[in-house]
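Trainee: I am new to this structure and would like to go through it by question and answer. Please show it first.

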Amino acid sequence: MSQFVNVDVESDLSQAIVEIKDVTFSRGERTIYKNMSFSVPKGKITAIMGPSGIGKTTMLRLIGGQLKPDNGDILFEGQSIPRMSRKALYDARTKMSMLFQSGALFTDMSVFDNVAFPLREHTQLSEDLIRLVVLMKLQAVGLRGAKDLMPSELSGGMARRAALARAIALDPELIMYDEPFAGQDPISMGVLVKLIKSLNEVLGLSSLIVTHDVNEVLSIADHVVIIAEQGVIGSGTPEQMQQHDSALVQQFLKGLSDGPVPFHYQAQNYQEELLSGGQ
Amino acid sequence: MNTRKIEILVGLFVALGVAAFAVLALKVANSGISGSGETYTLNAKFENIGSLKTRAPIKVGGVVIGRVEGISIHPQEFVPVVAMSIDANYECQFSDTTSVSILTSGILGEQYLGISPVIASDSAKNTCLGNEVTNTSSDVDDLDDLFGVQSKALKDGDLVTDTKSALVLEELIGQFLFNQGSE
Amino acid sequence: MIDFFQSIGHKTLSRFASLGRATRMLIGALVNVPNLRKGPALLVRQLYMVGHQSLLIIMVSGLFIGMVLALQGYTVLVGYGAEDSLGPLVALSLLRELGPVVTALLFAGRAGSALTAEIGLMKATEQLSSLEMMAIDPLRRVVSPRFWAGFISMPLLALIFSAVAILGAHLVGVDWLGVDSGSFWSIMQSQVSFEKDILNGMIKSFVFALIVTWIALYKGYDCIPTSEGISKATTETVVHSSLAVLGFDFLLTAVMFSG
């Protein structure tokens, strides 16, 4: 397929931590991906972009093994996620973590306990040591002072930062961010952008960001994959993407930066639906 | 702390539950405890059992010593057979001349089995219990010697032959009317 | 017409699928026993949430139901001069039926709906997914302790309910209406059997506990993760588990007490 010719250009981005190979996935009657392939390079920030409703979150769930593809393979550190045994999958999951759109903090625990939770579950560390680690992680996201608050007392941006502290508690190899910038004010957005960038550099982990906030993500991403129409329509560095010759890519990048203009792909659907409703 | 408070409250809850169980078991259902001991079974044939039910009490002089275990029909004779489960302490105590009758407590009350016990002779008891029969102490008062018949003590599975059926009100009235008419 | 049969067939199939998912969830929660280090603490917490939090409503309801039973029973029995039988009347109806059934219905309304809403909310806010991504099985971590808490709590609650109700009946029957206290207890004791009445009542209670907790957890776990879906699931929990409890009560009564 001509769509991922650009992948070869990034051979300098070292080996991949996640490889999506020829994946087909459908939910019910609806095909979400068809023969999609791309890879997430190790130690870099990769952004998956695309219009709403094309299953970007589904992609993260596939990588996390919560969903299984109909066809094709997903490799995490060279091992096939869909074919893993339950135990192997759980082992693999301790090496990745995911920042959910809502933060997904446990509502019945304080911020401190939330961050301590994966440590208490997966390590045999003493409470004293856990306290140290948790304070360090909270310091990294600037919420050390909020450690005794309950999740319901946090603002949206703070909840996401607390969730980020929890996501890095076990020092994962890969962090997946699901729409980290959605619904944030410019200040929290700026904070998050800076955090993602610095965490990636300091901790040497790989980041995978799913978003449609083009400007924010292009400023920090090393590698960009644009998904639409059931597959990858373009991938490369942010600079390469700006000059990409696909009309679709250009429309997506510029369309969104101009404002909430409906994307071409969506408009077609809309018309079809209108027509079918008239019959 | 918080966890400790929760632990205490849960402990309280469980203790309350156990206390409720104890109250129900001891105060509300006393009969169950004594009835759960070891028992042995006797059978008795009746002409008519009236409305005797399983689990009806079996009494000796008003004291409950067992419960009706089951009621069935004799396969050849087609008369009701009542299986009685009786406290094992009374095994081999009653002679086979003991009689069982179906009685009613009060006018509208439940029916129960009344046992009029005949105490088994010592030798019969010993035979029944499987002990060696010692003839050394020949009991002069013994009824068996008097009549020259050897009676047996009742043990598990034995059949009581001397039974008195239930009084059925309709039959009584019928008999009464019949007698009236014949006069 | 064909559409009609098609929709019936479709609904039947989706019912079966739903039962299948519910069974898979239950097995997943039961087979994967929570780990020994964390399990007891989680269970105690849930016993508090599910059991202790239902204690007040159970005790108050029990007291009133016992009092009403005594009052109603007395007015009927006194007509036959049989008011001494108030004890067994109250005790038998409570131990065999009202204790397990009313407790199960109250439990479905109090704890069952709370369980559904809580798990539904955890699903809607991606807490369950988040657990999975942290390599922690939500069935083991979230569903299992709640199931056991419900399963243990309800029979305890039913016992408490019956005991409190009998005390309530004593209060009205003996202290207020003047039934003789001695005959109240002694006739009750002679009529109530430990195995037949108390143990069978407890078996009922365990069955109801299984049903109500299972339905509540499944409805939450399987709900559509939106506020609308959660409210629908909560209602369904109360309706379905109440109906299931009454249906199974009939079956169990037929098996236990008709012989």
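Trainee: Which residue of β8(A) is the bridge partner of T46(A)?
Mentor: This is a predicted model, in which local features need pLDDT of at least 70, side-chain atom pairs count only at pLDDT 80 or more, and totals for chains, interfaces and linings use all residues; side-chain values use heavy atoms, with hydrogens and water left out. Residues are numbered from 1 along each chain as its sequence is written, while chains are lettered from A and ligands numbered from 1 in the order in which they are written. Strand β3 (residues 45-49) of chain A runs parallel to strand β8 (residues 206-211) of chain A, and five bridges join them; strands (E, at least two residues) and helices (H or I, at least four) are DSSP runs numbered from the N terminus, and two strands pair if DSSP finds at least two bridges between them. In β8(A), the partner of T46(A) is L208(A).

Trainee: Why is one side of β6 and of β10 of chain A left without a neighbour in the sheet?
Mentor: The open sheet has six strands with mixed pairing, in the order β6-β7-β8-β3-β9-β10 (chain A). β6 (96-99) and β10 (231-236) of chain A stand at its edges, so each has a single partner strand.

Trainee: Which residue in the turn between β1(A) and β2(A) has a positive phi?
Mentor: Strand β1 (residues 16-27) and strand β2 (residues 30-41) of chain A are antiparallel and share eight bridges, with I20(A) opposite F38(A). The two strands form a hairpin with two residues between them. The positive phi, about 65°, belongs to G28(A).

Trainee: Which residue of β4(A) is the bridge partner of V18(A)?
Mentor: β1(A) also pairs with strand β4 (residues 71-76) of chain A, in the antiparallel sense and over five bridges. There V18(A) has as its partner F76(A).

Trainee: Which are the edge strands of the sheet in chain B?
Mentor: Eight strands form this open sheet, with mixed pairing and the order β7-β1-β4-β3-β2-β6-β5-β8 (chain B). An edge strand here pairs on one side only, which holds for β7 (159-160) and β8 (162-164) of chain B.

Trainee: Which residue of β4(B) is the bridge partner of T41(B)?
Mentor: Strand β1 (residues 39-45) and strand β4 (residues 80-87) of chain B run antiparallel, joined by seven bridges. In β4(B), T41(B) is partnered by S85(B).

Trainee: How much area do chain C and chain B bury between them?
Mentor: Contact means heavy atoms within 4.5 Å, and 29 residues of chain C are in contact with 24 residues of chain B. Buried area is the accessible area (1.4 Å probe) that two parts lose on being put together, summed over both. Of the area buried here, 79% is on carbon and sulfur atoms, and the total is about 2400 Å².

Trainee: How many salt bridges does the rule find across the interface of chain C and chain B?
Mentor: A salt bridge is a side-chain nitrogen of Lys or Arg within 4 Å of a carboxyl oxygen of Asp or Glu. Across the interface of chain C and chain B, the number the rule finds is zero.

Trainee: Which three residues supply 32% of the area that chain C buries against chain A?
Mentor: In this interface 18 residues of chain C are in contact with 28 residues of chain A. The two chains bury about 2000 Å² between them, 49% of it on carbon and sulfur atoms. The 32% share, more than any other three residues give, comes from E126(C), M133(C) and M134(C).

Trainee: How many salt bridges does the rule find across the interface of chain C and chain A?
Mentor: R141(C) and E121(A) meet in a salt bridge at 2.1 Å, N to O. R61(A) forms a salt bridge with E126(C), with the closest N and O atoms 4.0 Å apart; this pair crosses from helix α1 (residues 56-63) of chain A to the loop between α3 and α4 of chain C. Over all chains the count is 19, and across the interface of chain C and chain A it is four.
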